[in-house]
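Colleague: Good morning. May I ask you some questions about this structure?
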Amino acid sequence: MMASSYNAKDEDGHITVSGPGGGTLRSKKPENTAFKQQRLPAWQPILTAGTVLPAFFIIGLIFIPIGIGLYVTSNNIKEFEIDYTGVDMSSPCFNCSQNFSWNSTRPCTCTIPFYLDQPYENNVFMYYGLSNFYQNHRRYVKSRDDSQLNGDLESLMKPSKECEPYAYHENKPIAPCGAIANSMFNGEPVSCCAHQTHSSFHLYLICLFTSLADTLELFYNDPNGTKIQIPMTATGIAWWTDKHVKFRNPTDNANLTAVFQGTTKPVNWRRPVYELDTDPQNNGFINEDFIVWMRTAALPTFRKLYRIIPKKNSMVPTLLRGNYTLEVVYNYPVRSFEGRKRMILSTISWMGGKNPFLGIAYITVGSVCFFLGVVLLIIHHKYGNRNNSADIAN
Amino acid sequence: MARESEDAGMAKASKVKRQKKKKTKENKTRTVQANILYDNAKGEENPNRHYANNKIKTTKYTVLSFLPKNLFEQFHRFANVYFVFIALLNFVPVVNAFQPELALAPVVFILSVTAIKDLWEDYRRHRSDKEINHMDCLVYSRVERRYVEKYWKEVRVGDFIRLRCNEILPADVLLLSSSDPDRLCHIETATLDGETNLKQRQVVRSFFDLDCDFDPLKYNSVIECEKPNNDLNRFRGYIIHRSGRRDALYKENLLLRGCTIRNTEEAVGIVIYAGHETKAMLNNNGPRYKRSKLERQMNVDVFWCVIILLVMCLFAAVGHGLWMFQYGDKRPVFDVLSPEGTDLSPIMSAIYLFLTMIIVFQVLIPISLFVSIEIVKICQVYFIHQDMDLYDEETDSHLQCRALNITEDLGQMQYIFSDKTGTLTENKMVFRRCTVAGVEYSHDANARRLAMYQEMDSEEEECTSHGGTLPRRDSVTSHQSAPVVLRSQSTKSHRRTGSRAEAKRASILSKHTAFSSPMEKDITPDPQLLDKVNECSSQMDFMRFHSQPMSQLPSDLSDIIDFFIALTICNTVVVSSPNQPRQKVRMRFELKSPVKTIEDFIKRFTPSRLTSGSNSSSSSSLITNRSSNKGCSSMLSSPSAESTLTKLDEERPPRGLDHAFSPVPPCYDGKAWDKEEGELRYEAESPDEAALVYAARAYKCSLVGRLPDQVTVELPHLGKLSFELLHTLGFDSTRKRMSVVVRHPLTDQITVYTKGADSVIMDLIKPPNTGNSKGKRQKKIVYRTQNYLNLYAADGLRTLCIAKKILSKDEYACWLQRHLEAETAIQGREELLFESALRLETNLQLLGATGIEDRLQDGVPETIASLRKAGLQIWVLTGDKQETAVNIAYACKLLDPEEEILTLNADSQEACALLLEESLHYIQAKFLCSSTDQAAKAFHTNFAPFEIYPSSSPSSSSSHTVPFMVHRLGLVIDGRTLAYALDKSLEDKFLAVARSCRSVLCCRSTPLQKSMVVKLVRNKLKVMTLAIGDGANDVSMIQVADVGVGISGQEGMQAVMASDFALPRFRYLQKLLLVHGHWCYSRLANMILYFFYKNAMFVALIFWYQFYCGFSGSAMIDQWYLIFFNLMFSAFPQLITGTLDKDVSAETLQQLPHLYVNGQNSEEYKPYMFWMNMIDAFYQSLVCFFIPYFAYADSDVDLFTWGTPITTLALFTILLHLGIETKTWTWMNWLSITFSIALFFTVALCYNASCPTCYSPSNPYWTMQRLLQDPLFYLLCAITPVAALLPRYFYRACQGTLFPSPVQVGRQLDKLPTEIRRNILSLSRVKVGSPLSPKPPFLSLAKPSPKGCNKKDQRSFPSSNTPPAKKGPVSQADEEKGQRSQVQPSDSVRSHSDLYTLVATEIDTLPYTKDAPTTLGGATASFNQSL
């Protein structure tokens, strides 16, 4: 580099003396570049009380308002939770909970009255919650076959090894295979039989429960004594991508029964997968309750979206203040693992459900920062100057 | 070695098979016959076919063997085996945690990166091999009856090769013929040993007197020689002629591969060793691998990581067992059965889980750490290489890192062991003064001249212009272009001769002119001595003219002339002229061979006088051995005694006194000799030889030519005299002297001139007969000379004694006979020759002595002072005599005139023990007081109790690093005493004494002792040692030390070859250690700690999760992130920081050397820091886990939608953590961090969008995309890193203010404007004596200590008992800031010194942060006033 530039200069001006041998005379002198000499321009922050002070105060000043905002937002969210496990003798579901066989043919129903002390605006989300249910268990999480759920015909007949030991039953492939599907909590009642229908709410019928899963029904007890079933939508509760991309029925053929020919239902199920719903857009693998269940929860205490109670119009709250009844078809045994079952009604905000934690966390961290900032300020004033001189003495 | 035995084995097998006549001798020797005899025969017949051919292959792999071999090598590393084991474990269904194929990815990645690196290196080797193999050389072909061009790789053992001037030898060749009339061939061995002087090689004696050209077709001898070995200086064997006669072969007959033919038009030889069996290749070792201290420490912590890992796994396993147990028989639905549908007992599950957890937590053992460290080290080496300050313009060489993996050790050195000659000094010997016949000639003018050079040097330093050194060289030779071209050629050619290392070495030396700066050459003669020389020679001229015997010369005059003749001829200097670079100057007067045979001697010296029976019988018996074939034309013959004799008879004119000094010879090639004379160049093997020759030349007694058999000297008035050179007994370190035996042309006496170390020569002086006047005079001379010698030594000069001895013919004959026996002996030749030399060098007559100055290298005192301030103990181990060594030590400020010196000279073990005991008591008694109150005293008096381990908290440091006081004491010990002291029984005491001394000087130590001292200190004190040296005698020391540094100076390259780092100059050590060492250490230490932190933090996240997933080994972090987190997402920033981070600027590090203590005490990476980091990692991971945990508690979040934010948070936290630890933010840091984050999101987005059904079990389809739309995600990203890093950030800030480490102070200094900084730094130098005393000094000022020791050092002005030692550092400080203290009356130094300290202290208490520069200015002003 040096040599070449030097030569170039020569050619500009005078006759070059050095011949072709010039190259061999090249000095091995290292190049004087900032990089090679490790002199790149750099920002060198020094962490002392004086220099970091502003950072602490700024963080404090930013975090505390954010925290307050979050806290307020979270507090504005209305949430109602009811535990219907029935561990207490007094609980309406106590009787049902005693029967924890997977194979009982008779559904057990219990009715839990409750009171909402404030009206719920906007869409209300109805969740079912489970505690102590380790849906995140390593072997449990793995126990599924995504290609099968994606409608792959080959996988339908030959479930992946991951599904073992829930891949085959009586030499027939299980659809959907795996432990997750097998332990599904909530299923859609199908094949409705004669059940009472309520005047204006025809969307959903209470049927004979053939699936293992619990079914929740919500009724508004009118002050005048009538029991009005709350209309709930069962669609839109799963991720859009799940419903439309990840989960697919083997064919678009409406006749799912034919499609699932040759497979068998999961062992714990009472009905095959193609009988989950009457609506062909919500049946088979693309049944949204099924999809929601298949998205395994992160923590042993979790809730899953069950229904959405859509807002009717802007004038009337979605759920009025008053007495309600929750009718539970109690199928799912949780006593074996000390589990709890809950029903949750909640509105949501932009930051999701009710959770004051984040607001509190922001306020706390902000305050701590502020406090530390003050401490640093004191330190800086007391020791900052003195030390600089002492340092140099060292 | 394996190859050799294989060869031998093969050869043997074939021999046995064919029942040939040769027997098992094959095992020890190699037999070489000419190939051309077998050219027609089939390959099987050729006896040489078993020897390796000349094709070299330095590659490790072939296309086929690469994979298995490389893998095999990589699995030597334990870590690799471990990771492969884990990856394989993943294939077991019961325990697997990830997709098995995916789990292999990191291991495969690491292995393949290493493999690619190996492959590339191997390919480069292959390329260079190919280039070398395809070089051309001339090989004799029987078919064509001439030499034909062939590739090097086609050369076989037994081939005849013709070599021309400046060609490189393709193989080890036995020299059979040379175009040189003396049958010599000169070679340059720079590529082998780095020595640039020419070496003479001789044609095999049997072919010596061949008149005509060598004809390969007539060659039919067989050569028996050693098996290939790597000893460059050894070759033994013999050649068996058809006639049955045997001639011995020596190393002088062998031309080694890689050398370059010089000065010889043509030479022919037979290939003895080829290819890999050549000595050059056998010497060619790869780079060395050492394990650094930091790495050892790191390995301990890796081990701890393993323990932590096992504990975590065990915990999880037990947890899982209990979790299973609590359900009892009621198996919950989520506890999936094993694939076979069987139910596992809790215990079995726990065991399986243990293995699973090992897989899940494997990241804790940092797989990429090892790779990252290697990458960082390579970058560090690159930067050290590129440092301009470590580049020496004069020799065009820069620092070489030969060991790639111990750069960080440079920052942790505690002891430096230095050679003196060539390391501290330049090894440029300059003649200073001499004494002849007891009269001293002081050479004042010469001294003045040298002083001038010194000034010039310092000026040159200030303005280091590009051409700064060129004028010098120009003065050496007016024809600059010619040598340069030649040298550049040689540089180029070196590149092909062998490995890259060889080429590197060669290029370093290519510009190196051997020992010929004008400073060494132009000696100003002492007028008095010059007059005497002139007078003497004119008298001799007169006497010669009048045919008077020379013995009539006054003895003092004859001594003088003898003295200079001895200086001129008693050496091995080769004369060359710059007009024909590297061409020997020839001045042939007559053809004579040196006395090599007894009959030759007889013929020359007798026939009349030497006829004793024994001699004649022996000579006749020798003669009878000889074959009778004469002449050379017919058959190749051995020269017979007769032929030599006839030749001599023919050529030699009748002998007489007047013929010996012939006039200017006829063959003289017409050039004006006198003009050129001044430009003769002397090529000496050692610089002091050259210095003496130049000195003699200044007295017009110049060496003009040297041939093997004669030396030509030009004397004033007398003209050219040629001395017949009978023998040269070369220098060796045991004898410490060399001698030449010549026939004096004037007196015709056989004279022995001996030159050697004074200690040995003085013992060999013939005890003068005090009876007569001559004897008295002799005695006086010896006495006076001894006095002067002592004076010289006190001046730091190297002394040499010159002596002579006149042999009578009988004595000579007697000695010669045994000498010849020794020379021809095949076994134990060296010993016999040694004894023979001892027999000759007795009863000498002392002529005089010389004092040669070995000038200190530039900047040595400063470097030593600054290294010492850096807390390094410097020991000098030298082979020089005590006085010289002590004086050099004073000169380079190793010893201080103010400090006491303990000198240990003992004659016996007991005496030595006693001495050590006494010294120990003395030290204890003397410094008892100081040790009680060291800190305060250290500051106030500058009377230096010097702490090696200052400010290291004793609790944290391990037991052996108890603070140990080093007093202001010097220890001088000589070789003999050292031998006693190094004895097992005394070594502890010796160490106890030595370590309490500030400097230790070991004189007269042998190479072995040097290495023993280093080993002792290293092993007993458990300190990091650095050995620096330049010569072969330092090699063992360099190898023993933790870090060996070689000076690529003038004494060849052995030291460099053995070293880990090679420096062009000693002073570069300062920057290498203080700056690069510090940086490398702190960078690597921080990086390693960060690595541990990072992995622990990441793994702990999963560990916390186990509490919420029934200890089932589940991970919320997607396996892809888990596996590639280390490898990709978080890898680059730490590499950049590890490579580029500078905690303190280079300038500050050099100006405040005690910042180096940081590395010595391992302050960046102490054992507790690992644990602190671990705790911090666990805390941070708790924050990173639980903030998302609570934020998402009891929500409908699914496993991986929850895990992905955690991964992101962890990444942010880890990067920000690095940000806190990064001290220097260049654009590369910013870029790398941005890149890491961008990479993570890009990969995550692509990965999450790629496949809706793959990547079981996480199946993260559209997760990231959804998260990015979720405000909660951003809220989490904002708060979590802040909360996680709050404690560390706060701690750093507090620590930076409340108890900043010296390094942090240095960093603060960096930020100040340059002006203020300079002021502060100059102030801080005042307190050199008390680096980093644990107590802040101003405190002790405020509270006067009642103790007596420092009472006098308070504000009061000096009392009478201020120790005189105080003067030293103060005056030193004055020097350093000359502009302040320029006018200072010397008598008031002391009072000022106290004032100085006082004022400086006051200033210390004033604030001068950057916002208060005015205050500082004021302080400085007041400071100036007070002076």
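Modeller: Trp304(B) is partly exposed, with a relative accessibility of 34%; buried means under 20% relative accessible area, exposed over 50%, and partly exposed in between (1.4 Å probe, protein chains only). This is a predicted model, in which local features need pLDDT of at least 70, side-chain atom pairs count only at pLDDT 80 or more, and totals for chains, interfaces and linings use all residues. Residues are numbered from 1 along each chain as its sequence is written, chains are lettered from A and ligands numbered from 1 in the order in which they are written, and side-chain values use heavy atoms, with hydrogens and water left out.

Colleague: Where does Trp304(B) lie?

Modeller: Trp304(B) is in helix α7 of chain B; helices (H or I, at least four residues) and strands (E, at least two) are DSSP runs, numbered from the N terminus.

Colleague: Let us change topic. Which residue does UniProt list for "active site"?

Modeller: The unreviewed UniProt entry lists Asp419(B); UniProt positions are given in the numbering used here, feature names are shortened, and annotations may be inferred rather than shown by experiment.

Colleague: Is Asp419(B) buried or exposed?

Modeller: Asp419(B) is buried, at 3% relative accessible area. Its place is the loop between β17 (415-418) and β18 (425-436) of chain B.

Colleague: Which residues does UniProt place under "binding site"?

Modeller: The unreviewed entry gives Asp419(B), Thr421(B), Asp1030(B) and Asp1034(B). They are spread over 616 residues of sequence, yet they cluster in space, with a largest C-alpha distance of 10.5 Å.

Colleague: What about Thr421(B) and Asp1030(B)?

Modeller: Thr421(B) is buried, at 9%, and Asp1030(B) is buried, at 1%.
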